[in-house]
Amino acid sequence: MTTRVDAPDTDADHQIRNILDRERLIGFTVVAGAGSGKTTSLVKALAHVTETRGTSLRAKTQRVACITYTEVAALEIHKEIGNDALAVVSTIHGFLWALAKPFQKDIGAWVADHLKEEIARLIEKQENYKPGTRQSTKANDSADLEKLRHQQAAVQDIKRWTYGIGADYAHGTLGHADVINMVPEMILARPLLAQLVGRQFPFIFVDESQDTFPKVVEALKRVWSVAGGKVCLGFFGDPMQQIYQQGVVSVTLEPGWVNVDKPQNFRSSQRVLACVNAVRSEGDALQQVSGLAEQTEGEAFCFVLPSDHHRNERLELVRSWLDKHSSSGNWTRPAHEGGSKILMIVHRMAAKRLGFQDLYAAFSDHKANSLSKAFDEGSAWPLDPFKEVILPLCSAKSANSPEILDVLRRSSPRFRSVEQPRHVKDVLASSKAAVAELRQVAADPSTASLGELLRTASRAGLVDLDPRMAAYLYPDGEHRDVVLDQRVIDVLNAMSDCALSELNGYYSYVKQESPFSTQHGTKGSEFERVIVVLDDNEGKYSLYSYDKLFGLKELSATDLANQSKGADSAIERTRRLFYVCVSRARESLAVVLFTEDEGRAVDAVRASAIGQHVRVIVLDELSPAM
């Protein structure tokens, strides 16, 4: 066990244990604000169940399930409970697939129905073409329809379904999106499956519940319902930290369920926590209190600056000013070097500064939402060959470096096809020649294109391709029946034209090695000093608007309509982002608001909930010369 398990209990921890100890099990929600130690309470709950009910669980061959957002988080939580074999800690995709995997016939039936629906949708689209529909669109739709029919014929012979990143039904492979859609549908449609899940997992905990798909929440509630008091279902999250549009936000309490609030903040100084609470006060009723034994006073600033082409210089001016006037240390170094983290509303603003703006545009400007989100998180499948194989091969000191062999053995199809040990030497020699060719293509990162590198590595057998990438690169190849959405093709076309050099800035960014990030990218993280950049003009992102949040811009008709019916609007989305952002700071916070009307903006900031907790500074106070 680790320090999380041994950490002092809060009132919320006592309440959760009382719920877990009930004879008739119920559901519950935990609303835990930023810096509250939500993961600690989750780990404590897992450890308590395995300790107090371990004997009973083993006797019935049952386990405890914990569903979290990423593989990294799953590994961290499992490690925190000593890698206890009684706990299954996994991502939602992994958990759902493990439930469905034994039901191969049901999976095949779902895929068949899914293909039937896709074919019907495409036929309907063809029957309703408008007079101006382009011939290229008609040709693409006809090709896709033919592929779907080929898949429909092929799936009848599939005996074993597997799960990968991308779908290739003709070869028996489901993708991420399939699992998220299929398994909840199976649970909701088949009471027996819901019962089996409950018998296998009498305790199910969901981390980051605010970002969980509504259909997944509904399916898990069905598992709890049919179990009749023999399943405890717990959702750990915070509606104010919901940042992905597909998330459920708040989990509705079922009859007999209990909500547990965890208002402590174990992160922030007095001044920063006051700002955190001020932002939250306009969103919901939860106000956080410090859980620190010794809470420092801290400091908070708000810089109101003109929105013009001098943004970059003025941001650096802010950092230099803070170096001289702040009491909390160095702001001009990046956070991982003891300096500050700069948070921006969208990744495009950081991409421009770090030199990967074309790569960002490739993934973000073609309305392929799932790819755009994955790119922001550093997990976009088209870039996996570069991250796992091509970059390590090209960045090694020489073609004979030991790390080259490690990459080849781990990832190259060449080595997996070796049947006799005596052939390894020949394969190694030919692989080194292929690596040398790849490194030659990558010799000048500013001119080497990602498409050229990918094709070179693929032709040489250095990398396994996702079925979707194989279908893109080789339309007449083994995976020719994989249907690619035109928006995905547009992303791949634009990505292929990007220079290799852009990947350096991108991976520096997603690994948190640059000064920049966004509220999305740092969710769950904390930094000693945080600078928040509020700039609607540079952000150009209609989902969010700090000008609207501060009353500097009128609400649109859509905003007003959404507010009147209690739906999400730009105000609520922006407030949540702002909350996530300011709550990353431990000691010091600096908000930088770029605006077209400085005088009005200063008044708006001072009149806002956060205004009484920040020192407002204008351009003349930074440098009268600018």
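Where in the chain does Ala-460 lie? The legends below take this residue first, then turn to rings, charges and helices. All views show a predicted model.

**View 1. Ala-460 lies in a loop between two helices.** The loop runs between α21 (450-459) and α22 (467-473). Ala-460 is buried, with a relative accessible area of 12%; the cut-off for buried is under 20%. Leaving aside neighbours within four places in sequence, Ala-460 is in contact with Arg-414 and Ala-434. Ser-412 is 48 residues away from Ala-460 in sequence. In space, the two are 9.5 Å apart, C-alpha to C-alpha.

**View 2. Phe-28 and Phe-236 form an edge-to-face pair.** The structure holds 18 aromatic pairs. In this one, the ring centres are 5.7 Å apart. The planes stand at 80°, so the pair counts as edge-to-face. Phe-28 belongs to strand β1 (residues 27-32). Phe-236 belongs to strand β7 (residues 232-237). The pair links distant parts of the chain, 208 residues apart. Both Phe-28 and Phe-236 are buried.

**View 3. Phe-363 and Phe-375 form a stacked pair.** Centre to centre, the distance is 4.7 Å, with 10° between the planes. Phe-363 lies in helix α15 (residues 357-364) and Phe-375 in helix α16 (residues 369-377), so the pair ties together parts that are 12 residues apart in sequence. Phe-363 is buried, at a relative accessible area of 0%. Phe-375 is buried too, at 1%. Both rings belong to one aromatic cluster.

**View 4. Lys-221 sits over the ring of Trp-257.** The charged end of Lys-221 is 5.5 Å from the ring centre.

**View 5. Arg-280 lies over the face of Tyr-579.** Here the distance to the ring centre is 5.0 Å.

**View 6. Helix α10 crosses helix α11.** Helix α10 spans residues 191-200, and helix α11 spans residues 214-227. Their axes come within 8 Å and cross at roughly 80°. That angle makes α10 roughly perpendicular to α11. From α10, the contact is made by Ala-194, Gln-195, Val-197 and Gly-198. From α11, Arg-222, Val-223 and Val-226 take part. The residues of this contact divide into 4 nonpolar, 2 polar and 1 charged.

Conventions: Residues are numbered from 1 along each chain as its sequence is written. This is a predicted model: local features need pLDDT of at least 70, side-chain atom pairs count only at pLDDT 80 or more; totals for chains, interfaces and linings use all residues. Side-chain values use heavy atoms; hydrogens and water are left out. Rings of Phe, Tyr and Trp (its six-membered ring) pair if their centres lie within 6.5 Å; planes under 30 degrees apart count as stacked, over 60 as edge-to-face and the rest as tilted. Helices (H or I, at least four residues) and strands (E, at least two) are DSSP runs, numbered from the N terminus. Buried means under 20% relative accessible area, exposed over 50%, partly exposed in between (1.4 Å probe, protein chains only). A charge sits over a ring if NZ of Lys or CZ of Arg is within 6 Å of the ring centre and within 35 degrees of the ring normal. Axes are lines fitted to C-alpha atoms, for helices over the stretch in contact, and angles run from 0 to 180 degrees between N-to-C directions. Angles under 35 degrees count as roughly parallel, over 145 as roughly antiparallel, 65 to 115 as roughly perpendicular and the rest as oblique. Contact means heavy atoms within 4.5 Å. Ala, Val, Leu, Ile, Met, Phe, Trp, Tyr, Cys and Pro count as nonpolar, Asp, Glu, Lys and Arg as charged, and the others, Gly among them, as polar.
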